[in-house]
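This report covers a two-chain model. It starts where the chains meet and then turns to the parts of each chain.

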Amino acid sequence: MTQRKRKLGRGVAMVGAGMSPFGIRPDVTNRELFAEAFLDMVNSVDRGFDPQEIEALYVGNCGAEMWEAQSVIGVLCADITGLTPRPALKVEDACASSSVAVREGIMGIASGMYDMVLAGGTEKMSILPTNWTTMALACGSDTTYESAAGFTFPGLYASMATAHMERYGTTHDDMLRVAIKNHSNGALNPKAHFPKTIKNVMDMRKDQAEKKGKPVPSWADEMEFLHDPRYNPVIAWPNTLFDCCPVTDGAACILLVAEEIAKNFTNIPLYIIGSGQASGHNLHDRETLTSIPAAKLAAQQAYEMAGVGPQDIKIAEVHDCFTIAEIMAIADLGFFKEGKEAATAAGEGKTARDGVKPINVSGGLKCKGHPVGATGAAQVVEIFQQMRGEAGARQVKNMDINLALNHNIGAHGTTAVVQIYERR
Amino acid sequence: MKEIPFTIASYDKFIEEKKLMASKCVKCSALWLPPRPICLTCKSDALEWIELNGKGKLVAFTVIGVGPMPMIDAGYNRENPYCSGIVELEEGPRISAQILGVDVAHPENIKIGTSLTATFVERGSWHFVEELAKVKKTYLAFQA
């Protein structure tokens with residue numbers, strides 16, 4: 001496909017960002033989760049603003065039809081935030097729903113149609129029992145050919161893992177080290193679904209055994225704990241429980257404005273300088289199983305638009321729905337070489353909070369949680385806080401974060417969105 | 001066979017007859033499985049049905065204990081897991097399918113590259129509505 005170099009019609013900046021606490025939230029619905037994110041976002045705008053100036057909403061939601069038996073989530077989010085009668089677009093692109101919503105919001109401003117929009121997403125998932133949630137999520141793959149073969153989401157990514165292991169000698173321990181790293185970040189995130197390190201979880205399990213008068217397991221370290229199938233069972237081999245992100249309720253949103261008015265709201269707006277999006281084939285129709293072609297293409301578009309390269313990006317939030325997904329993401333984004341270098345990056349500390357390229361300092365989908373339709377916007381919330389030095393205990397300290405990126409995958413790579421943010 | 005439309009329903013009917021049928025582009029000879037109505041290579045819609053020999057090899061796989069509803073209804077669970085994989089056919093195309101005859105109790109023993117032959121299994125349908133979900137359908141699978 002011939003690629004025309006793309007650019008925004010005019011500059012777009014982010015001046016506010018907020019999210020609900022992520023986790024199992026039995027007492028609230030999609031729209032109420034979104035209202036929590038909205039209020040958090042309003043509080044994040046340095047000089048304050050009148051929410052009535054918001055001209056349109058873009059709301060990502062993957063499957064309220066299935067989980068809540070409710071469609072038109074965008075309209076309900078406008079209603080609960082007091083933004084009716086503004087146009088409200090609900091966007092569905094599986095796990096990339098809210099990144100696509102954010103991108104549509106960016107284009108709404110870049111086109112000149114609006115000066116201020118609200119973009120984000122919400123997902124309430126904990127309602128259905130696991131078997132139905134497995135099925136609802138599988139609807140994001142090609143149900144005619146992939147689900148019919150028995151594939152679940154953990155299963156599709158597990159297949160990519162077996163191909164990665166075969167081609168590059170990647171080990172399951174390489175994958176588990178991604179989980180250990182992301183939990184060590186998420187432990188410092190008060191809004192994370194599981195704000196605990198894997199060592200915390202291991203010690204909890206020991207305490208529980210002791211309290212119940214059962215033999216206390218004698219794991220030497222986290223890795224030994226993760227190797228114990230009684231506590232870390234296989235979900236879809238080689239993916240174990242701790243390779244998989246949890247089923248989470250949550251919402252996130254950001255406030256986007258035209259660049260020329262950004263300083264009315266804050267001294268530190270974050271400018272969207274690169275944006276890319278691509279679609280991809282079913283897994284069996286791809287030329288490779290060890291990377292996600294749509295992600296490479298989206299990254300290339302975003303880098304070209306921004307005029308920067310992977311070496312310029314300081315931190316990134318990437319789509320780690322499964323541990324192997326982060327290993328592929330950091331290669332697709334050009335941070336590390338595909339294969340052994342990317343597979344061992346977490347184990348070698350390169351992607352740690354104090355590493356050369358901090359990845360998923362929020363805890364990622366793995367630890368922060370993955371409310372599918374809110375995930376992309378929640379990645380951007382972390383970038384907003386990190387770039388402005390507001391991330392508290394998990395703030396990356398050893399570098400000036402003037403450029404950051406988020407990478408959000410829809411389904412098993414049939415959609416990919418990459419966006420680049422700059423603090424000037 | 002040109003009169004048979006290149007639809008999912010036609011493909012399903014062939015599967016029911018235990019035939020693995022692909023669509024072949026008359027213009028550029030590209031072969032598509034699952035069959036497609038438009039050739040991805042040259043975008044032509046001049047296609048013909050071709051029967052594949054059903055022989056292939058495993059290129060990626062997983063063993064699943066927590067399956068979707070149709071697999072649970074077929075009797076699969078943590079104690080009785082199943083293998084799903086991607087199979088590369090001798091003629092070139094790749095397809096997703098359940099893989100039978102492999103050691104699901106020891107997935108680490110399942111080898112990428114294993115030779116496979118097409119076979120056919122019956123399971124319920126992919127639907128949320130119970131009446132539709134219980135309708136039996138024939139699916140492509142592969143035997144090691």
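## Salt bridge across the interface

Chain B and chain A share 1 salt bridge between them, meaning a side-chain nitrogen of Lys or Arg within 4 Å of a carboxyl oxygen of Asp or Glu. The partners are Asp285(A) and Arg36(B), whose side chains meet at 3.0 Å, N to O. The model is predicted: local features need pLDDT of at least 70, side-chain atom pairs count only at pLDDT 80 or more, and totals for chains, interfaces and linings use all residues. Residues are numbered from 1 along each chain as its sequence is written, chains are lettered from A and ligands numbered from 1 in the order in which they are written, and side-chain values use heavy atoms, with hydrogens and water left out.

## The interface as a whole

In chain B, 38 residues are in contact with 36 residues of chain A. Contact means heavy atoms within 4.5 Å. The size of an interface is often given as the accessible area lost when the parts come together. Here the two chains bury about 3100 Å² between them, with 67% of it on carbon and sulfur atoms. Buried area is the accessible area (1.4 Å probe) that two parts lose on being put together, summed over both.

Which three residues supply more of the area that chain B buries against chain A than any other three? They are Met69(B), Trp126(B) and Phe128(B), with 22% of that area.

## Polar pairs and contributing elements

Between chain B and chain A, 10 residue pairs are in polar contact, both residues at pLDDT 80 or more. A polar contact is a pair of N or O atoms within 3.5 Å; within protein, one must be able to donate a hydrogen and the other to accept it, and residues adjacent in sequence count only if both atoms are side-chain atoms. Five elements of chain B give two or more residues to the side that touches chain A: helix H1 (8–16), strand S4, helix H2 (69–73), strand S5 (82–89) and strand S6 (94–100). S4(B) gives the largest share, 6 residues. Helices (H or I, at least four residues) and strands (E, at least two) are DSSP runs, numbered from the N terminus.

By class, this side of chain B has 25 nonpolar, 8 polar and 5 charged residues. Ala, Val, Leu, Ile, Met, Phe, Trp, Tyr, Cys and Pro count as nonpolar, Asp, Glu, Lys and Arg as charged, and the others, Gly among them, as polar.

## Strand S4 of chain B

Strand S5 (residues 234–237) of chain A runs antiparallel to S4(B), over 2 bridges. Two strands pair if DSSP finds at least two bridges between them. Val63(B) in S4(B) is the bridge partner of Trp237(A).

Leu58(B) sits in S4(B), which covers residues 55–64. Is Leu58(B) buried or exposed? Leu58(B) is buried, with a relative accessible area of 1%. Buried means under 20% relative accessible area, exposed over 50%, partly exposed in between (1.4 Å probe, protein chains only). Beyond residues up to four places away in sequence, Leu58(B) touches Gly85(B), Ile86(B), Ile99(B), Ile110(B), Lys111(B), Ile112(B), Gly113(B), Thr114(B) and Leu116(B).

## Salt bridges within the chains

Over all chains, the structure has 24 salt bridges. Asp115(A) and Arg10(A) form one, at 2.8 Å, N to O. Asp115(A) lies in the loop between helix H4 (97–110) and strand S4 (116–123) of chain A, and Arg10(A) in the segment before strand S1 (12–19) of chain A, so the pair ties together parts that are 105 residues apart in sequence. Asp115(A) is partly exposed, at 36% relative accessibility.

Glu65(A) and Lys90(A) form another, with the closest N and O atoms 2.7 Å apart. Glu65(A) is in helix H2 (residues 64–67) of chain A and Lys90(A) in strand S3 (residues 88–91) of chain A, so this pair links parts 25 residues apart in sequence. Glu65(A) is partly exposed at 38%, and Lys90(A) is partly exposed at 26%.

## Chain B overall

Chain B has 3 helices and 8 strands. Along the sequence, the pattern is α-β-β-β-β-α-β-β-β-α-β. An open sheet of 3 strands has the order S2-S1-S3 (chain B), with antiparallel pairing. Its edge strands are S2 (31–32) and S3 (47–51), each pairing on one side only. Strand S1 (residues 21–25) of chain B pairs with S3(B) over 5 bridges, and Ser23(B) stands opposite Trp49(B).

Of the 144 residues in chain B, 48% are buried.
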